[in-house]
Amino acid sequence: MTTITLNIGLEQNIEGLERLNRFFVEHLTRSILGYSINLGTRWGTRVEDSNTEPTLIIQFDTPAHVRRVIPYIRTIANATNQDAISLSSSDGDYLVYADRPTRDWGSFNPMYFIGY
């Protein structure tokens with residue numbers, strides 16, 4: 001089982017926080033790449049202010065390897081108008097870019113990541 005933590009900046013989505021959370025929950029209750037997600041095991045969300053913007057922090061468990069989850073996270077970035085979503089797991093840390101980001105934020109930087 002892999003625990004994945006995501007950071008999604010809310011500067012562009014602060015008014016749509018509930019929509020963003022609902023979007024994510026609806027998609028997690030389905031399967032990720034053929035793996036069933038049990039929301040009863042270590043699933044949670046919270047919002048915290050970072051140095052730059054409010055950030056939605058989402059953590060969940062999945063039997064899928066993180067590399068199999070990345071395309072799904074890219075779909076979330078596209079659907080929520082995020083340039084990128086930070087992802088941290090025991091399988092690796094990534095900055096998952098949308099298909100057409102408006103800005104290049106570089107690579108994953110643990111100094112800016114907020115853990116769950």
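How many residues of the lining of the largest pocket are nonpolar, how many polar and how many charged? The lining divides into ten nonpolar, twelve polar and three charged residues, where Ala, Val, Leu, Ile, Met, Phe, Trp, Tyr, Cys and Pro count as nonpolar, Asp, Glu, Lys and Arg as charged, and the others, Gly among them, as polar.

This is a predicted model, in which local features need pLDDT of at least 70 and side-chain atom pairs count only at pLDDT 80 or more, while totals for chains, interfaces and linings use all residues. Residues are numbered from 1 along each chain as its sequence is written, and side-chain values use heavy atoms, with hydrogens and water left out.

**Fold and confidence**

The protein has two helices and seven strands, helices (H or I, at least four residues) and strands (E, at least two) being DSSP runs numbered from the N terminus, and along the sequence they follow the pattern β-α-β-β-β-β-α-β-β. The average pLDDT, the predictor's confidence in each residue from 0 to 100, is 80 for the protein, and 73% of the residues score at least 70.

**Pocket**

The largest pocket has a volume of about 830 Å³, the volume being the space filled by probe spheres set on grid points that are joined across faces, edges and corners. A pocket is an open set of points on a 1 Å grid over the protein atoms alone, where a 1.4 Å probe fits, with protein on both sides within 12 Å along at least five of seven lines, and lining residues have an atom within 4 Å of a point. Of its 25 lining residues, Gly 9, Thr 52, Glu 53, Ser 86 and Trp 105 are the closest to the centre.

**Core**

Of the 116 residues, 45% count as buried, that is, under 20% relative accessible area with a 1.4 Å probe and protein chains only.

Key. Buried < 20%, exposed > 50% of the residue type's maximum accessible area, 1.4 Å probe, protein only.
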